[in-house]
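Okay, thanks for making time, everyone. Let me put the model up and we'll walk through it together.

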Amino acid sequence: MKSLSIEHLQKTYFDPFANRQVTAIRDISLAVEAGDFVAVVGPSGCGKTTMLNLIAGFLAPTGGQIRVDGRAVSGPGPDRGVVFQSFALFPWRTVLDNVAFGPKMRGVAKARRHEIAREYLALAGLAHAAERYPNELSGGMQQRVGVVRALANQPDVLLMDEPFASVDAQTRMTLQEELTRIWEQRRPTVVFITHDVNEAVFLANRVVVLSHGAVLDDIRVDLPRPRAWDALIEDARFKALAAQVLQQVRSA
Amino acid sequence: MNTAVVSVSRWQRVWGAYLRWTARHPALASLVPFVPVVALWAAVAGAGVFPPAFFPAPIAVVQKFGTLMANGILPAYLEDSVVRLAAGTALGLALGIPLGLLIGLSDRAHRALWPLLLFFQAIGDIAWLPILLIWFGFGLTTMTFVIVYTVLFPVVLNTVLGVRSVPLELHRAALSLGASKTRAVWEVVLPGALPNIMTGLRNGLGFGWRALIAAEIIVGTSGIGFLMFDARRAGSVVEILLGMIVLGVLWYVVDSWVLAPIERATGQRWGLITRHD
């Protein structure tokens, strides 16, 4: 079953100062199976963030089509959960109410949505932080809340835009391991944007390499799960795959 | 071995005792700076350089305060002024916040209304009084207009600023979690703009309070501004000074009992504004 299908996606901007059209996405077609984990890598300016914003519905494409679970995307919606690099937690809501926000918008009663939120917070080991405000948490904990908030809304596709780029290296590895664990438990469909090749190979089943607004390569990662950095960091197959992806990214 | 004994000076002892004392009673810390001011005032008045009717002593003002409280004039005037300010501010907020949201969110509204806003902001509250007196006469309508007008602009301008400072990602997060566009205004734009709206309210109240006193001086038949101007007619410097002190104290009360608690419970709690004690 296809959860997300992108057909001949195109996005150009008009630059009024240069007085010309700028192409961000030239032609991208991509199909993502339900429950799959796809990482999208590429150098700066390859169009990966634009692609995510198009899938999320924050931007409108100038050509082609995006379908989620068969329905054409025409704007932002709860079928596509987004995890932002800047976390984007609501500072005026407690952790619990941040996670309960999606269910609240669906009209779920307060007791029930808090129950849902607590269940998902426990999944990321955040039960103790439920009553705190985001500014009282570390960056790593804020992004755990960001991931859990998107998951608690049970989207068809989880879109992650360089979510771990702004936390320190050790926290990043922990978050990556937690994400693979949660993914194995819940099996959401994930599109994960990153410029970190190791991160892409560690997390994903498929790594898509973008270059100049088009798909350059699509590499299957059949490393066994559960994945942990201690085991993989010296693993020959991991290193070979990472080298292969890196080579593609650098040639992009 | 070097055994440097650092002795604590008498001044350090006194200063330390003062810091510990004001930490226990924070309200007193804001009163202490007034002690030398009042002492100087009392000394100058006591020296007898100026006649008491021209430059009265602090004690005379305190006595006047007692008299005016006892005969009910001061409470009644104070109530009139505060009620006018509160009503005018409430109306100013009710008009200003929605207008600010509209201009902050809609590019078209911004283009259409922003130049008008800047133009009318420049015509200060008092500059409206001549025409308002002709249109509405010496009454409550004129005073209310002046206060609402004065409160409105800082609220609108700061709300616009607040709306535009809400991070794009927060808005997008709300939409992708299922909020409608209208719902996102309520859930994200309004709380995100709240610290700026509070700044607008603070400025608006400050300007509004001044405008009210000015309006009462010209238009009024009651209120603190009227009290002061009436005292001038009677040549009572004591009453004028009392009015001035009441104005200062009242602002302090509004700030520390109304504005500061709201700011502590919202923007500071959320980490949107840093606290400075």
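Look at the hairpin of β4(A) and β5(A): two residues sit between the strands, and A:Asp69 there has a positive phi near 55 degrees. The two strands, residues 63-68 and residues 71-72 of chain A, run antiparallel and are joined by two bridges. Two bridges is what we ask for, as strands pair if DSSP finds at least two between them. On naming, helices (H or I, at least four residues) and strands (E, at least two) are DSSP runs, numbered from the N terminus.

Some housekeeping. This is a predicted model, where local features need pLDDT of at least 70, side-chain atom pairs count only at pLDDT 80 or more, and totals for chains, interfaces and linings use all residues. Residues are numbered from 1 along each chain as its sequence is written, while chains are lettered from A and ligands numbered from 1 in the order in which they are written.

So, how does chain A divide up? The domain assignment, automatic or from a database, gives domain 1 as 2-79 + 157-251 and domain 2 as 90-154. Their C-alpha centres lie 25 Å apart. Between them, 13 residues of domain 1 are in contact with 12 of domain 2, contact being C-beta atoms, placed from the backbone, within 7 Å. On the domain 1 side, helix α6 of chain A (residues 169-186) gives the most, with six residues.

Now chain B, which has 12 helices and zero strands. Its radius of gyration is 24 Å, well over the 19 Å from the globule rule for 277 residues, so chain B is more spread out than a compact globule. That radius is taken over C-alpha atoms, and the rule is 2.2 Å times the number of residues to the power 0.38. Along its principal axes the C-alpha trace of chain B spans about 85 × 70 × 30 Å.

And where does chain B meet chain A? The count is 17 residues of chain B in contact with 20 of chain A. Helix α9(B) supplies the largest share of the chain B side, six residues.

How far do we trust it? Chain B averages a pLDDT of 89, with 97% of the residues at 70 or above; pLDDT is the predictor's confidence in each residue, from 0 to 100. The model scores ipTM 0.93 and pTM 0.84.

Definitions and conventions. Two residues are in contact if their C-beta atoms, placed from the backbone, lie within 7 Å.
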